[in-house]
Amino acid sequence: TKEKKNWINSLAAQLQVSAMQMPLLKAMPKLELHAHLNGCVRTSTLLDLAVGENSKEKISNTDLESLIRKEDRSLTECFRLFPVIHALTTDHAVVTRITREAIEDFLLDNVVYLELRTTPKCNDLYGMSKRSYVEAVFAGFEAAGVMYKTDCDVQDGHRMHVRLLLSIDRRENAEAAMNTVQLAWDMRDRGVAGVDLSGDPAIGNWETFLPALTLAKELGVPLTLHCGEVSNPKEVREMLALQPRRLGHVCCLEEAEWRALLDSGIPVEICLTSNVRTESVSSMRDHHFAALYNAKHPVVLCTDDPGLFSTSLTLEFAIAATCFGLTNLELLIMGKSAINYTFADDKTKLILHGIFDDALQ
Ligand code: 6MZ
């Protein structure tokens, strides 16, 4: 954490955020709505797992080196690194550990509500099914002592609230996607709040996932879709037509799709660092966040993969402050508005409004 702190402080200096502002941004209550579990893993944990005696699946030194050296993170490189991370985060105990650690890191950043997303995995070698994978994530929630079920009381407002979204990976087939939606439905009262479609945008056909996503809509399972990380106007149009509750990224939209997005009013999860690092957006100054924000389109700042991109929500807020001139008050108001875009129940939303109202006083 000391290393991380130094890194964040030096980035803050580069960003010319005043020394006074960083602690204020950090102390501000924040919502994180777009974070992938295996993208949150600490470098120290990856190293620990890579050299640990329990590591049955070894990774090569070259792979380990590219996990640690963080300068190259194009979209292609990211999707080459995820299997390397997955090779280390295999068994139930490790899934529980990385979940607990991810929550601890968000807690340190004063995230008061977290929607963590992850792709449920089967692995016969470890006796793991999609369901037991999700149970291992819940064990991580328990270990971190956070509120994650829907039956919490207002007096629990001081503790972090967490929900789980189950991701469909674009490498999966129609049946696997259907299983994930069914699992999300079965576990809806246990902390699973929705379904996400993610994975390498260059892989998979939208049509494969449509039956599962349509079932989710019919069941009333909230949906968020990774949209437009690469140019694909047809897919973007079809995603908008499905009317998911939220969209992630929306970087590479043509004029017509951009207008359709604005008309739709669908909230967008903005991942500034991720989009620039993966080259979905050419530079921070060219990021479409400014256009969406100025058009008063609903937006929420998120980290995507804080481990992979060495970022934090505080840092993303600092970038928004520096590059787009947002004041602390504007950032706080943007966070409060995002309560309405969460997949949480009304009672939890009320608790969150209370936390933000206190901060706004
Ligand atoms: C699309 C991404 C992503 O699910 O194993 N993921 N999908 N675009 C991105 N932008 C950089 N970052 C992460 O976490 C890792 C998985 O999340 C998705 C990918 O499917 C990746 O394998 P989990 O916990």
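Colleague: Thanks! What order do the strands of the open sheet have?
Modeller: This is a predicted model, and in it eight strands form an open sheet in the order β1-β2-β3-β4-β5-β6-β7-β8, with parallel pairing.

Colleague: Which ones are the edge strands?
Modeller: β1 (30-36) and β8 (299-301), each of which pairs on one side only. From one strand to the next, the twist averages 25°.

Colleague: Can we zoom in a bit? How many bridges join β4 to β5?
Modeller: Three, between β4 (residues 192-198) and β5 (residues 223-227), and these two strands run parallel. In that pair, D196 stands opposite T224 of β5.

Colleague: And α6, which strands does that helix touch?
Modeller: α6 packs on the sheet and touches β1, β2 (111-118) and β3. The direction of α6 makes about 150° with that of β2.

Colleague: Let's move to helix pairs. At what angle do α6 and α7 pack?
Modeller: Helix α6 (residues 92-108) and helix α7 (residues 130-144) pack at about 40°, and their axes are 7 Å apart. α6 and α7 are therefore oblique to each other. Their crossing is right-handed.

Colleague: Which residues make that contact?
Modeller: From α6 they include V95, T99 and I103, and from α7 they include Y133, A136, G140 and F141. By class, the residues of the α6 contact with α7 come out as nine nonpolar, five polar and two charged.

Colleague: What about α10 and α11, how do their axes cross?
Modeller: The axes of α10 (residues 233-242) and α11 (residues 255-264) cross at roughly 15° and come within 10 Å. That angle makes α10 roughly parallel to α11. α10 passes α11 in a left-handed crossing.

Colleague: Who's in the contact there?
Modeller: P233, V236, R237 and L240 on the α10 side, with E257, A260, L261 and S264 on the α11 side. Those residues of the α10 contact with α11 divide into five nonpolar, one polar and two charged.

Colleague: Last topic, the ligand. Which residues are closest?
Modeller: L37, N38, T118, T119 and S198 are the closest, out of 18 residues that surround the ligand. The elements giving two or more residues to that shell are α5 (75-88) and β3 (161-169).

Colleague: And how many of the shell residues are nonpolar, polar or charged?
Modeller: The shell around the ligand has three nonpolar, eleven polar and four charged residues.

Notes: Residues are numbered from 1 along each chain as its sequence is written. This is a predicted model: local features need pLDDT of at least 70, side-chain atom pairs count only at pLDDT 80 or more; totals for chains, interfaces and linings use all residues. Axes are lines fitted to C-alpha atoms, for helices over the stretch in contact, and angles run from 0 to 180 degrees between N-to-C directions. Helices (H or I, at least four residues) and strands (E, at least two) are DSSP runs, numbered from the N terminus. Angles under 35 degrees count as roughly parallel, over 145 as roughly antiparallel, 65 to 115 as roughly perpendicular and the rest as oblique. A crossing is left-handed if the near helix is turned anticlockwise from the far one by less than a right angle, and right-handed if clockwise. Two residues are in contact if their C-beta atoms, placed from the backbone, lie within 7 Å. Ala, Val, Leu, Ile, Met, Phe, Trp, Tyr, Cys and Pro count as nonpolar, Asp, Glu, Lys and Arg as charged, and the others, Gly among them, as polar. A residue is near a molecule or strand if its C-beta atom, placed from the backbone, lies within 6 Å of it. Two strands pair if DSSP finds at least two bridges between them.
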